[in-house]
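You asked for comments on the model before it goes further. My notes follow as numbered points.

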Amino acid sequence: MPENQPPPLGAVIDIGSNAIRLRIGGLGHNGRLNLIESVRAPVRLGQDVFQNGELSDATIDRTLKAFSDFRALIDQRAIPSAQVRAVATSAMREADNRQALIEKVQRETGIPIEVISGEEEARLVYQAIQHALPELAENNVLLIDIGGGSVEFVVLEKGEVAALESFKMGTVRLLSQFSGRDNKDFARILDEFFDANAGKLRELIDGIDIQLSVGTGGNIETLGQLGRALLGNDSPKRLSYANLKALGKRLDELGYDQRVEQLRLRPDRADVIIPACHTLRKSLKLVGKPDLSIPGIGLAEGTLLDLLRGRLTSATHDALAWARAVARKYHCDMRYVEHIRRLALTLFDQLATVHGLPAYDRLLLEMAALIHEIGIFVRPDGHHRHAYYLIGAMPMLGISAEEQKLLAVIVRAHRKKLPDTDSEALKNLDKGAQQRWLKLVALLRLAIALNKERQNAVQQIQCLCQDKQVEIACSGKGDFLLERWAVIRDREIIERGLDRTIEVVF
């Protein structure tokens, strides 16, 4: 891009449970995010959904009005449709009539809404924090994003995602679940509810010594501002555990109207600030009371970064980092699985004209190579089945729920017999996905066979494709006896998946 040409702009709409936000901005020549438009519409979708299970007509009308206003701002900046993304979180995930709203918004504004998972939400928040605070790469950090419908926790170990979880304990949800604004028992109920869920957070930390914490979301930013206004803090960007305890006591003493009048809180902030403060304080206490950094960014900024950088590139990086974290968590031999990954990618690239798989499936193969042995942690016997269940149950970064199902079945089939076509594993895949699955399984099995002795002996692969035959020439060190045997053993499955006869030459 010429230096005098402004960078392309993107627009993101974050459809949260408490508010809907628009962010318009671009990446500067230094790679930093520059926001030029930041608008918030206080449309509380969660109030309907968490009480009644669906959005009311009035809430749908307010949402349409917000989108119409946002559409006008986007058009003023002449931002193309490809550079516009709208993501919806907890309330929309749970609304029975969400499709009606999605269709109305699309019809009236031309903006498609993407309902994202809690894991994708956590990934995008992580994108924003990683961008804003690159110095966190040297520490073990707990990221806390408090929204209206859910709270996302991400654990970073030396800059890499070690664990993440989305908890249904957002502020609007807790208000709806435990009633009124001025209930004297509300604070006690909030603490008891957190304590009931604390075990899950302890499992998430899993012995990692948390050195710093980072908080995102409008409520946390407001707490930072209150820390400066009420406690005399130098900056709204940092809070200590003692600060949070003092703020919580002050907020609990005031009624809703007093919080609006005396603290000058917005009406849609004065109620949800209570559960936010309690959740944040209890979270920090659980991990050793580290100081809290408040960078002033969150899901909207992370989504905008993801859009501007190229979603595939960002998702691929996060997915691979997560796969490696999972492999380490389950004590895989990293030297071995990294070599399997390299062999699998070489086969994928050199046999592209044979398998005809889309480029994105390269990522699924790479992830499968990294985590195919995690089931050994549960039990060596039948570990391919244990890995299948683990992958299906765990949160997964950078891939969709459908891709996660496909990944699990690829790993399920990396050894022993293939699952039957009417098995539970394959019934969840459509016909097209099953065809992709068999090809990816063939490539993964071939890579594993070429490192059967686990000594990383095969160093070079050269594939020659002729009509219905593939010749694979391997070179390296060793006698390759186990590798020869493994290829012969899996030849039928490999040839079925690639629809070619294969000849492996050592």
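1. In this predicted model, Ile-472 stands opposite Val-504 of strand β14. Helix α15 (residues 334–350) packs on the sheet and touches both β12 and β13. The direction of α15 makes about 20 degrees with that of β12.

2. The pairing of β13 (residues 469–476) with β14 is parallel and runs over five bridges. The sheet is open, with three strands in the order β12-β13-β14, and its pairing is mixed. Because β12 (458–466) and β14 (501–505) each have a single partner strand, they stand at the edges, and one side of each is left without a neighbour in the sheet. From one strand to the next the twist averages 20 degrees.

3. Ile-472 also belongs to the largest nonpolar core, which has 94 residues. It is listed among the residues with the most contacts inside that core, together with Leu-347, Met-367, Ile-371, Ile-374, Trp-437 and Leu-450. Helix α21 (residues 431–449) gives the most to this core, with twelve residues. As background, nonpolar side chains tend to be buried together in soluble globular proteins.

4. What does Trp-437 touch, leaving aside its neighbours within four places in sequence? Its contacts are Leu-406, Val-409, Ile-410, Ala-413, Leu-418, Pro-419, Leu-426 and Leu-429.

5. Leu-284 is one of the buried residues of helix α12. That helix is mostly covered, with twelve of its 14 residues buried.

6. Does the length of α12 (residues 273–286) agree or disagree with expectation? At 1.5 Å a residue, its 14 residues should span 20 Å, and the end C-alpha atoms are 20 Å apart, so the two agree. After α12 comes Gly-288, whose phi is positive, near 100 degrees.

7. On cysteines: the structure holds zero disulfides. Cys-463 is in none, and the nearest cysteine sulfur, that of Cys-465, is 6.2 Å away. Cys-463 counts as buried because its relative accessible area is 11%, under the 20% cut-off.

Key: Residues are numbered from 1 along each chain as its sequence is written. This is a predicted model: local features need pLDDT of at least 70, side-chain atom pairs count only at pLDDT 80 or more; totals for chains, interfaces and linings use all residues. Side-chain values use heavy atoms; hydrogens and water are left out. Helices (H or I, at least four residues) and strands (E, at least two) are DSSP runs, numbered from the N terminus. The expected span of a helix is 1.5 Å times one less than its number of residues. Buried means under 20% relative accessible area, exposed over 50%, partly exposed in between (1.4 Å probe, protein chains only). Two strands pair if DSSP finds at least two bridges between them. Axes are lines fitted to C-alpha atoms, for helices over the stretch in contact, and angles run from 0 to 180 degrees between N-to-C directions. Contact means heavy atoms within 4.5 Å. A disulfide is a pair of cysteine sulfur atoms within 2.5 Å. A nonpolar core is a set of buried Ala, Val, Leu, Ile, Met, Phe, Trp, Tyr and Cys residues joined through side-chain atoms within 4.5 Å.
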